[in-house]
Amino acid sequence: MPQKILPTPEELKRRNKRKHLFTRRSNLDSTNEELTQIIKVHARSFFIRQGGREEDWSENEEQSTGEEMYRRWKESEWGVALRRLRGQSESSENAPPDAWIGGSFEIGNFVGINIMDEAESLSKVSTRTSQLSAPIFPLESRLEPLGRPDQSSLATEQQTFVTAPSELTELSQVQTPEPTTQNLSPSPPDREHQNSRGPSPSSSTALLRPSTSRKNDSGTSHVPSEPARRSIIRLPSFSRNGDSPHKVKKSVHYNLSPVESNSSLPPVSPSAVLDRTGTDVSGTSAGAMNIPAIDDQQIDWGDTVMRGMSRPIMYVRIYSTETVDVFPCFDEALHRVTRDLKYEDWGEFLIVWRMDRIEIYENYTIPGKEWITGHKHLSFIIPLKSSRTRLSLYSFVDLTFCITCSPTVRRFNPVKAKWTIHSAKEGSNIFIFKHKSRSRAFDWIWQLWRHRGGVLPPVVEIRNPRLESKLKIDVPNLDSSQIYKVFSRENLISLSVQSLRAVPDWKNVIERQLTEGDVLQLCWRQGSYLDWIWLNKDVDGRLRDWDVLCGLALKQTSIPVHLELRVAQHRPEFIHRKDDERLLEPPSIEGYVDRIKPNTHAKQALYLATHDGNLLVLIPSHAHPPTPLGAILQPVEADVGYAHTLRKSEVRRGIQQLLNASGIVDLRSILIVRRAAHPTMQSTHDHREGEDEEDCRAPKLVEIRSDQEDVGGEEGLNRSEDKRDLKMRRSFELLLKNGHILRFETFSCRVGIEWVEKLQALVSYWRLKHGNDAKEEMEIAEGYRPLVTPHIYAEADRTIYAGLPVDPSSTLPALGSLFNWCVLEGCKPIVKSGKVFMRQGLHGQYRLVDLVLVPERLIHFRISPKSVMHSSIRKKIDLVDAYVCSGYFAAQVLPAGQFNPTENNVPRRYQDGLETDDPEEDRLFVIWYRKTISSSEEGNAAEIKILPLSAKRKFAIFRTRSKLERDAWCWALNTAIEKAVRVRKGRECKMRESGGLMEL
């Protein structure tokens, strides 16, 4: 890289005046704090890599290993270059000011150890260990296979373990009772079902049982010396081989008090249990949460409910109809077929929940009226206690919720000097709410559902798609605070892990993935859409104890919502070839080059960088290149290691490169990567694309002796006898599929060869990866629609159709790779990228663009079939105040006559092999946004400028290729908006508190 990119010794001295972050060793260079910390952390790993043994590690070995690591760094290419730059070498006086320094280096590599990979491996091991050994609260559960309930009794050996205290205890006090000797003998099958203390796994039993003494009447313990501590969870095993149910089953019973029950009464149906109210649910699991959402005794009349979330800003669309009470559950599916709905309004409103009503405010249309009246205009009132008021989930993808109610009219009573609210007897109003924070929308739905009398079901079911099993957990009869502890995310995961270990495939399927560094997480799934449970605090930093239970409020939808335990996968960094061989993702490459223009042969200085299958083109002044270890002291955050800080800085650096990129080249559009073969550049070529998607048809690299003798730069040109030939050997070319050629000249021949080798590997990998992604997406889509082109196998004189019917109950285990955790944790600079169709305005045509999502910004590059690269559009979409909607809700944005829901869906096939026939409304999503300037740091709250509710908004309309792609884009965008809201707590609070409320 150019020497001027690195800081001068004077600049380093100014940076090093700050407080030291760690203790330095006296025998190492005191000026290299960064290197000292790296050596201190990774000396042991370096010692073992060099053949040392764990038992030989000591303080003396640590001292000598640190000195050896520092010596190797000093003798390395960059060690010599940095010492020369800092004036620590005699050769520093001979270096020209415009010289290049160093050579190629791997980011995070220090004397053969990649500190980022090393830290990530240690983190994965600690996470897996903590998850598998986490303590749990005692709960009673039943393990059953998916799709075959109540058939776990077909297992070869069924074991029933029922132990639980009568009240919730601390984790340290939870102990497993020990079985008595007289109950350890196996019982016949007919007697086992008659024993009240050993119920079958399909029966409904109480969650918590009275505690009992662990001693018999004589006071002598009969617990055997051999361990026989059983789990506090009932773990009935089941067999997939159809074992005979007549085999002897072993039942272990503990000395517990029997549960009082009246066996003469017939069992109550689930629907009757869910319909119970008031005192009917007392003492039952349904009564555990049959409590008001907010304690009315602690709130005065007129006060707002849900402090901190009572005055959100939401995007609301309002309809009205003359029909009364025909929308018990108004959602997107019902909206498609409902006619005679009058559109009232659509915009951003201030929502206030006061006791038994919701007030919807907007700005006055007359300037200055809000200042005169002291409050905003009250547009609508929703009575929550009315029997005609209904709450429903409109769309799970957007988490928009709907409230239908009767129209209200307010009148001022001069006698009582207050306003009165009256409900109309005819007509209905329909309000569709969209909160920009998905977690806030969950909180609103949960609190409204509880306020409206929502009751928890008697059993909570957790599904595991990989093992095709489900765990049923009985809801205890406890108060809300204890319920939240029992059904916390950590407790449910620990309970599920302990129970699922009884499944035969656990070790080969789940434990193998956990060994590779993955973890188990909970999520809610509806159809092909996943919503991970990953936030246990709200935007203001307060705990959300209902982060798991709030999904139970979505059960009233037409499409069922399931709670699932899945492996939280990150974006896979490998693919499988046709021969099932694993191909790892090649390392990225970036650096300074000169582009040779085809007509004038003039040079243009550029910086190239590869990100997520794209080649970014930047000008050198906005390149944001990486710096080698030891060049700049990185500020280390508290309680985190240097590797974590370096990884975060690399993500931020990549984001800046994407925001400043002037163009982008899709690696799939590159046909051939080769070294330049002619001194005179050709502008076009006549090569054609081959059939093999893995082969970039690159000619074999030929290296000659003079390539290694090239020292690079002007010095190498001055030594060469044929400068024109040397410039050609330093150059490489990209032959694009549209017939154009891009030529770049590098610093030296060795650097040019490295560019060719790395780009050839990246082009081959990303061609194959996009094809694999398309196949995986079509396999997932089989869960809700048949294949566009069914698989047909010809055999002799007959034709066999291998296509299976659509299974709506399919578990779709591959969804985890589409909704991966890199989006949530921000592991990479690019949150999501891909090609979508973007509409030019409201009445324009759809054009193909390359869409790149980074934190808080959405970048799109214009695709032109005849251009050499996709040029960047200067205007980025800011996601700070953005809303995302999809489906039929987004289709309403289109002008009248441009959307026809009854139009036939034409099957489509794309270049990467993707086949789909999803309707247009299932492929649409819209973003409403404002022109704001994003900043990662908040300033003074008093200086934050808040735009009025009536401020003009822009919108962008996008259309994807399939429904799955749209769902993945909506999820990624909503996650980015959620993070942006949480970064700006002061701004969001000021927005909620702006404007007065009307006193009724």
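**Cysteines and a run of antiparallel strands**

Cys822 counts as buried, with a relative accessibility of 7%. The model described here is predicted. The closest cysteine sulfur to that of Cys822 belongs to Cys827, at 4.0 Å, which is too far for a bond. Across the whole structure, the search for disulfides returns zero. Another cysteine, Cys749, has 0% relative accessibility and is therefore also classed as buried.

The strands from residue 590 onward are considered next. Strand 20 covers residues 590-596 and strand 21 covers residues 603-611; the two pair in the antiparallel sense, with seven bridges between them. Within this pairing, Leu606 of strand 21 stands opposite Val593. The two strands form a hairpin in which six residues separate strand 20 from strand 21. The turn of this hairpin contains His601, whose phi is positive, at about 60°.

Strand 21 also pairs with strand 22, which spans residues 614-618. This pairing is antiparallel and comprises five bridges. Leu608 has Val617, in strand 22, as its bridge partner. Strand 21 and strand 22 likewise form a hairpin, with two residues between the strands. Asp612 in this hairpin adopts a positive phi near 50°.

How values were computed: Residues are numbered from 1 along each chain as its sequence is written. This is a predicted model: local features need pLDDT of at least 70, side-chain atom pairs count only at pLDDT 80 or more; totals for chains, interfaces and linings use all residues. Side-chain values use heavy atoms; hydrogens and water are left out. Two strands pair if DSSP finds at least two bridges between them. Helices (H or I, at least four residues) and strands (E, at least two) are DSSP runs, numbered from the N terminus. A disulfide is a pair of cysteine sulfur atoms within 2.5 Å. Buried means under 20% relative accessible area, exposed over 50%, partly exposed in between (1.4 Å probe, protein chains only).
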